[in-house]
Amino acid sequence: NTITIAARVKSGVKTEISITMYKDTKDAHNAQERPDITRKENADSNTQIIYDPKTKKRYIKGNFLGKGGFAKCYEAIDQETNKIYACKIVSKSQLVKQHQKDKMASEIAIHKSMDHPNVVKFYSYFEDRQNVYILLELCGKRTFLELQKRRRTLTDPEVRYYMHQLVNAVKYMHENRVIHRDLKLGNLFLDDNLQIKVGD
(Lines give C-alpha, C1' and ligand atoms only; values in the text may rest on other atoms or scores of the structure.)
Protein backbone atom coordinates (compact mmCIF):
# COMPACT_ATOMS: atom_id res chain seq x y z
CA ASN A 1 0.00 0.00 0.00
CA THR A 2 1.19 3.53 -0.71
CA ILE A 3 0.32 6.06 1.96
CA THR A 4 -0.08 9.56 0.52
CA ILE A 5 -0.63 12.64 2.63
CA ALA A 6 -1.26 16.16 1.35
CA ALA A 7 -0.04 18.91 3.65
CA ARG A 8 -0.76 22.61 3.12
CA VAL A 9 2.36 24.38 4.22
CA LYS A 10 4.29 27.54 3.44
CA SER A 11 1.69 30.06 2.34
CA GLY A 12 -0.85 27.51 1.13
CA VAL A 13 1.47 25.49 -1.15
CA LYS A 14 0.25 21.89 -1.26
CA THR A 15 2.89 19.18 -0.91
CA GLU A 16 2.26 15.45 -1.31
CA ILE A 17 4.44 12.81 0.34
CA SER A 18 4.09 9.08 -0.34
CA ILE A 19 5.42 6.19 1.74
CA THR A 20 5.08 2.63 0.42
CA MET A 21 4.15 -0.11 2.88
CA TYR A 22 4.19 -3.81 1.97
CA LYS A 23 1.53 -6.28 3.10
CA ASP A 24 3.79 -9.33 3.17
CA THR A 25 7.25 -10.62 2.30
CA LYS A 26 6.15 -11.53 -1.24
CA ASP A 27 5.20 -7.90 -1.95
CA ALA A 28 8.46 -6.72 -0.45
CA HIS A 29 10.46 -9.18 -2.57
CA ASN A 30 8.67 -8.08 -5.74
CA ALA A 31 9.29 -4.43 -4.90
CA GLN A 32 12.97 -5.13 -4.37
CA GLU A 33 13.20 -6.30 -7.97
CA ARG A 34 11.72 -3.05 -9.29
CA PRO A 35 14.22 -0.28 -10.13
CA ASP A 36 12.16 2.45 -8.44
CA ILE A 37 12.48 0.89 -4.99
CA THR A 38 15.55 1.55 -2.85
CA ARG A 39 17.99 -1.31 -2.28
CA LYS A 40 20.68 -1.55 0.39
CA GLU A 41 23.86 -3.24 -0.77
CA ASN A 42 27.23 -4.19 0.67
CA ALA A 43 30.25 -2.81 -1.17
CA ASP A 44 32.39 -5.05 1.04
CA SER A 45 31.96 -6.89 4.31
CA ASN A 46 32.38 -3.73 6.40
CA THR A 47 30.61 -1.07 4.32
CA GLN A 48 26.86 -0.56 4.10
CA ILE A 49 25.59 1.29 1.06
CA ILE A 50 22.25 3.11 1.01
CA TYR A 51 20.83 3.53 -2.50
CA ASP A 52 18.43 6.30 -3.57
CA PRO A 53 16.44 5.16 -6.63
CA LYS A 54 15.20 8.68 -7.42
CA THR A 55 18.64 10.22 -7.89
CA LYS A 56 20.60 6.96 -8.43
CA LYS A 57 22.98 8.14 -5.72
CA ARG A 58 24.73 5.84 -3.29
CA TYR A 59 25.64 6.79 0.25
CA ILE A 60 28.05 5.11 2.64
CA LYS A 61 26.39 4.60 6.02
CA GLY A 62 28.79 6.21 8.49
CA ASN A 63 29.02 6.94 12.20
CA PHE A 64 26.01 6.68 14.49
CA LEU A 65 24.89 10.17 15.55
CA GLY A 66 21.96 9.52 17.86
CA LYS A 67 18.37 8.37 18.14
CA GLY A 68 15.01 9.71 19.16
CA GLY A 69 11.38 8.80 18.65
CA PHE A 70 11.08 6.42 15.69
CA ALA A 71 14.42 7.30 14.08
CA LYS A 72 18.09 6.48 14.35
CA CYS A 73 20.51 8.96 12.81
CA TYR A 74 23.77 8.17 11.00
CA GLU A 75 26.27 9.98 8.85
CA ALA A 76 25.63 9.33 5.14
CA ILE A 77 28.52 10.03 2.76
CA ASP A 78 27.75 10.69 -0.91
CA GLN A 79 30.04 8.34 -2.86
CA GLU A 80 30.37 10.80 -5.77
CA THR A 81 30.98 14.08 -3.93
CA ASN A 82 32.07 12.90 -0.45
CA LYS A 83 29.55 15.36 1.02
CA ILE A 84 28.40 14.18 4.44
CA TYR A 85 24.76 14.34 5.48
CA ALA A 86 22.84 13.41 8.59
CA CYS A 87 20.55 10.53 7.63
CA LYS A 88 17.51 9.76 9.75
CA ILE A 89 16.51 6.12 9.29
CA VAL A 90 12.99 5.11 10.28
CA SER A 91 12.11 1.42 10.24
CA LYS A 92 8.79 0.68 8.57
CA SER A 93 8.12 -1.74 11.42
CA GLN A 94 7.60 1.43 13.49
CA LEU A 95 4.98 2.69 11.03
CA VAL A 96 2.30 0.06 11.50
CA LYS A 97 -0.64 2.18 12.63
CA GLN A 98 -2.27 4.70 10.33
CA HIS A 99 -1.61 7.65 12.62
CA GLN A 100 2.11 6.74 12.69
CA LYS A 101 2.26 6.70 8.89
CA ASP A 102 0.39 10.00 8.70
CA LYS A 103 2.68 11.60 11.28
CA MET A 104 5.81 10.48 9.41
CA ALA A 105 4.52 11.76 6.06
CA SER A 106 3.37 15.05 7.60
CA GLU A 107 6.74 15.68 9.26
CA ILE A 108 8.54 15.07 5.95
CA ALA A 109 6.21 17.40 4.05
CA ILE A 110 6.53 20.20 6.60
CA HIS A 111 10.31 19.94 6.97
CA LYS A 112 10.70 19.84 3.19
CA SER A 113 8.90 23.20 2.99
CA MET A 114 11.23 24.94 5.48
CA ASP A 115 14.06 27.16 4.21
CA HIS A 116 15.79 29.27 6.86
CA PRO A 117 19.44 29.60 7.96
CA ASN A 118 18.53 28.59 11.53
CA VAL A 119 16.47 25.51 10.61
CA VAL A 120 18.19 22.21 9.79
CA LYS A 121 18.17 21.98 6.00
CA PHE A 122 16.11 19.19 4.41
CA TYR A 123 17.71 17.64 1.31
CA SER A 124 15.63 14.61 0.32
CA TYR A 125 13.87 11.47 1.42
CA PHE A 126 13.62 8.01 -0.11
CA GLU A 127 12.81 4.48 0.96
CA ASP A 128 13.39 0.78 0.55
CA ARG A 129 11.29 -2.18 1.68
CA GLN A 130 12.55 -1.86 5.26
CA ASN A 131 13.19 1.81 5.99
CA VAL A 132 12.44 5.43 5.19
CA TYR A 133 15.58 7.58 4.82
CA ILE A 134 15.66 11.35 5.38
CA LEU A 135 18.79 13.27 4.32
CA LEU A 136 19.44 16.39 6.37
CA GLU A 137 22.14 18.97 6.95
CA LEU A 138 24.93 17.61 9.16
CA CYS A 139 25.55 19.81 12.20
CA GLY A 140 29.16 19.14 13.12
CA LYS A 141 29.06 20.60 16.64
CA ARG A 142 26.20 18.30 17.67
CA THR A 143 23.49 19.65 20.01
CA PHE A 144 23.03 22.47 22.48
CA LEU A 145 22.42 19.82 25.15
CA GLU A 146 25.95 18.51 24.67
CA LEU A 147 27.32 22.07 24.71
CA GLN A 148 25.52 22.73 28.00
CA LYS A 149 26.95 19.55 29.53
CA ARG A 150 30.47 20.54 28.49
CA ARG A 151 30.27 24.20 29.41
CA ARG A 152 27.71 24.17 32.24
CA THR A 153 27.17 27.93 31.84
CA LEU A 154 27.15 30.50 29.02
CA THR A 155 28.10 34.15 29.11
CA ASP A 156 25.47 36.87 28.64
CA PRO A 157 26.77 37.73 25.13
CA GLU A 158 26.58 34.05 24.16
CA VAL A 159 23.00 33.79 25.43
CA ARG A 160 22.00 36.86 23.41
CA TYR A 161 23.77 35.45 20.33
CA TYR A 162 21.96 32.11 20.48
CA MET A 163 18.57 33.48 21.56
CA HIS A 164 18.55 35.89 18.62
CA GLN A 165 18.98 32.96 16.21
CA LEU A 166 16.42 30.80 18.01
CA VAL A 167 13.79 33.55 18.02
CA ASN A 168 14.37 34.16 14.30
CA ALA A 169 13.86 30.45 13.56
CA VAL A 170 10.67 30.21 15.64
CA LYS A 171 9.33 33.45 14.12
CA TYR A 172 9.91 32.02 10.63
CA MET A 173 8.11 28.78 11.48
CA HIS A 174 5.14 30.60 13.00
CA GLU A 175 4.88 32.90 9.98
CA ASN A 176 4.58 29.72 7.90
CA ARG A 177 1.93 28.26 10.21
CA VAL A 178 4.27 25.63 11.68
CA ILE A 179 4.50 24.88 15.41
CA HIS A 180 7.51 22.81 16.49
CA ARG A 181 5.96 21.40 19.72
CA ASP A 182 9.24 19.86 20.97
CA LEU A 183 11.74 22.68 21.36
CA LYS A 184 14.44 21.52 23.76
CA LEU A 185 18.24 21.60 24.02
CA GLY A 186 18.55 18.22 22.29
CA ASN A 187 16.70 19.56 19.22
CA LEU A 188 18.87 22.67 18.89
CA PHE A 189 21.82 21.70 16.71
CA LEU A 190 25.06 23.61 16.10
CA ASP A 191 26.91 23.74 12.79
CA ASP A 192 30.67 24.16 12.40
CA ASN A 193 30.25 27.95 12.72
CA LEU A 194 28.27 27.56 15.97
CA GLN A 195 25.06 28.69 14.30
CA ILE A 196 21.87 27.29 15.82
CA LYS A 197 19.85 24.94 13.62
CA VAL A 198 16.42 23.96 14.90
CA GLY A 199 15.67 20.31 14.15
CA ASP A 200 13.88 17.29 15.55
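Modeller: Let us begin with Val167, found in helix α4, residues 156-175. Helices here are DSSP runs (H or I, at least four residues), strands likewise (E, at least two), numbered from the N terminus. This is a predicted model: local features need pLDDT of at least 70, side-chain atom pairs count only at pLDDT 80 or more, and totals for chains, interfaces and linings use all residues. Residues are numbered from 1 along each chain as its sequence is written, and side-chain values use heavy atoms, with hydrogens and water left out.

Colleague: Why is Val167 called partly exposed?

Modeller: Buried means under 20% relative accessible area, exposed over 50%, partly exposed in between (1.4 Å probe, protein chains only). Val167 has 46%, so it is partly exposed.

Colleague: What makes a nonpolar core?

Modeller: Buried Ala, Val, Leu, Ile, Met, Phe, Trp, Tyr and Cys residues, joined through side-chain atoms within 4.5 Å. The largest core has 15 residues; Met173 and Val198 are among those touching the most other members. α3, α4, β10 and β11 each supply at least two residues. α4 gives the most, with six. Apart from this core lies another, of 14 residues, including Cys73 and Phe122.

Colleague: Why is strand β8 called largely enclosed?

Modeller: Five of its six residues, 122-127, are buried, so the rest of the structure largely encloses β8.

Colleague: How do you know that β8 and β9 pair?

Modeller: Pairing needs at least two bridges found by DSSP between two strands. β8 and β9 have five, in the antiparallel sense, so they pair. Ser124 stands opposite Leu135 in β9. The two strands form a hairpin with three residues between them.

Colleague: What makes Arg152 stand out in its phi?

Modeller: Phi of Arg152 is near 70 degrees, a positive value in a residue other than glycine. Most residues other than glycine have a negative phi. Arg152 sits in the loop between α3 and α4. At 60% relative accessibility, Arg152 counts as exposed.
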